[in-house]
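Subject: Structure handover

Hello,

Here is the structure I said I would pass on. My notes on it follow below.

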Amino acid sequence: MSFRDDGAAALEWAARYLERVGDYPVLAQVEPGDVRARLPASPPEQGEPFAAVLRDLDEILLPGITHWQSPRFFAYFAVSASEPGILAELLAATLNSVAFLWRTSPASTELEGLTLDWAAQLLGLPGGWHGHIEDTASTSTIAALAAAREATGRDVVVCSEHAHSSVDKAAKLLGLELRKIPADDEFRLRADALDLSDAAAAVATVGTTSTASVDPVPAIADKRAAAGAWLHVDAAYAGSAWACPQLRRSQAGGDRADSLVVNAHKWLFTPMDCSLLWTSRPDDLRRAFSLVPEYLRTSEEVDSLSEYGPALGRRFRSLKLWAVLRCYGREGLQARIREAVRLAELFEGWVREEPGWEICAPRSLSLVCFRREGSDEENEAIVERVNRSGELFLSHTRLDGRYVLRLAIGNERTTEVDVRRAWDALRAAP
Ligand SMILES: Cc1ncc(COP(=O)(O)O)c(C=O)c1O
C-alpha cells in the first residue's frame, strides 16, 4: 500500500469516526490495564502494514477512548477539534517544521505572529501585543510567571483560591511562594483581601475551572499598578467567548494585563494543543527565556519565538488555528460560541424549574453548576451512574464544601437534543 492509499484509508477512518462519534459511549467503558493487556509487550521485528494500525485502532484502542469529540461530552471544559483544524494538523505533521529559529521555519514563525494578531483582533484585545503559542495554559502560565519574577526580582505569586492548579504547579516549578486569596460568595477573588506589596505577580482568572466565575480584573489591575507587580490573566476557557462582542463583559481590565492566556484548544475549535499567550511586555519574556548558544547564532536580525518560552523545538501549531480562523470566519466562530451559551442557558432553565434540583453558582457562559437535593454521596452516585451509562460524561467540583455537578457545553456538534438527553438521563438517575 502506498502513502496515498493508506492516507485515504486514514482520512476515511477520521470521517467515519466523526460521523459516528455520537453513537459511542462517551466515557471509555474499560478498566485500568485492559487496553495494554490486549497489546503486544514488545515492538514487531518486521514492519507491519499501516492497515494493521487502523485495525488495532478500531478493535483495541477505540473501546479505550473517552470521546472528547462526542456531542454529549460535558465534563471539565468541553472542546472540539474541528475539521479544518484536523486537516491542518496532518499538513503540519507532513511539513514537520521545528521552528526554533526564524530560519528553520520562516513561514511557521511569521504565520504564528500573524495568527496571534488575527486572534487578538477577533477577541477584541489591544493591538500591538506580542503573541506566541505554547502547548498548554500550564506552560503559558509558567512563561508568564518566569517573566514576572525576572521583571520584578520578587518571588511571591498571588491568586484566588479558585485559580487553576496550573498556577500552583508553575509556582512550585519556579520556586515561587504562592498566596491564595479567599473568594466571595460568587467564587471571585476578593480584591479587598488582596495585598500585592511584595508580589511578583497577581494571577486573575477569567472563567475559573469550577464555575467560570470572573475575578475583578480592574480592581486587581489597580492594586498591582500601585505595587509594581505583574498581572497575568488566565482566560484559558472564557477568553474565546470574547469573539462575540455581547460576551465581552468579562474582558474588563484585561487590556491592562502584562500577559494573558486563552486556550484555542478549549473553545476555539482548534485541536489539542494550542495555547495563545499574549504579552504587552515581550522584552521581559525574552529576558526570562533568551539563551542563544553558538550553534543557534544566525545573521538575521529577527525574532525567534523559542526565546519567549521554555521550549526550543516548536511545532507548526499556528497552521491549525489559521485554518480554523479562515474556514469558520468570525461569524462562524461567533455562531458556534453563541449556540453553546444558548444551550447552557436552556439547561440552566430546566434545572431551575425542576423541583428538587438547584443551581449552585451563577451560570457563566456555557458552564452550569447544579445538584439534586440530597447528600453529597447521592449526587456523586448520580454522576457515577450517568457516566457509566455512556450516555453522557460530566464532571464535578466542590463549592463551599458541597459536591456539585458541572455541565460544560463547548463541543460544536452538541445540539439541543443532546442537552435534553443529558437532562433526561440525570433526572432519571435513581
Ligand atoms: C482556568 C484554567 N486555566 C488553566 C487550565 C490549564 O489548561 P491546560 O490543560 O492547557 O494546561 C485550565 C484547564 O482546564 C483552566 O480551566
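D400 lies in the loop between strand 10 (395-399) and strand 11 (402-408). Helices and strands here are DSSP runs numbered from the N terminus, where a helix (H or I) has at least four residues and a strand (E) at least two. D400 is not a glycine, yet its phi is positive, at about 50°. With a relative accessible area of 70%, D400 is exposed. The cut-offs are under 20% relative accessible area for buried, over 50% for exposed, and partly exposed in between, with a 1.4 Å probe and protein chains only.

Before the rest, two notes on the source. This is a predicted model, in which local features need pLDDT of at least 70 and side-chain atom pairs count only at pLDDT 80 or more, while totals for chains, interfaces and linings use all residues. Residues are numbered from 1 along each chain as its sequence is written, and side-chain values use heavy atoms, with hydrogens and water left out.

Backbone

F187 also has a positive phi, about 70°, although it is not a glycine. This residue belongs to the loop between strand 3 (177-181) and strand 4 (201-205). F187 is buried, at a relative accessible area of 4%.

The peptide bond from M272 to D273 is cis, with omega near 5°. D273 is placed in the loop between helix 9 and strand 7 (275-279), and it is buried, with a relative accessible area of 15%. Its side chain makes a polar contact with the side chain of R317, at 3.0 Å. A polar contact is a pair of N or O atoms within 3.5 Å; within protein, one must be able to donate a hydrogen and the other to accept it, and residues adjacent in sequence count only if both atoms are side-chain atoms.

H132 is in strand 1 (residues 130-134) and is buried at 1% relative accessibility. From C-alpha to C-alpha, H132 and A9 are 34 Å apart in space, and they are 123 residues apart in sequence.

Ligand

Which residues come nearest to the ligand? Of the 13 residues around it, they are A137, S138, T209, D234 and N263; a residue counts as near if one of its heavy atoms lies within 4 Å. Helix 6 (137-152) and helix 9 (264-267) each supply at least two residues of the shell around the ligand.

A polar side-chain atom of S138 is 2.5 Å from an oxygen atom of the ligand. For A137, a backbone N or O atom lies 2.8 Å from a ligand oxygen atom. A polar side-chain atom of H265 is 3.3 Å from an oxygen atom of the ligand. Taken alone, the ligand exposes 400 Å², and the protein buries 86% of that; the areas come from the Shrake-Rupley method with a 1.4 Å probe, and for residues only the protein chains shown count as cover.

Cysteines

How many disulfides does a search of the whole structure find? The search finds 0 disulfides, a disulfide being a pair of cysteine sulfur atoms within 2.5 Å. C327 is in none, and the nearest cysteine sulfur, that of C274, is 15 Å away. C327 is exposed, with a relative accessible area of 56%. C369 is in no disulfide either; the nearest cysteine sulfur, that of C360, is 7.2 Å away. C369 counts as buried, at 2% relative accessibility.

Regards
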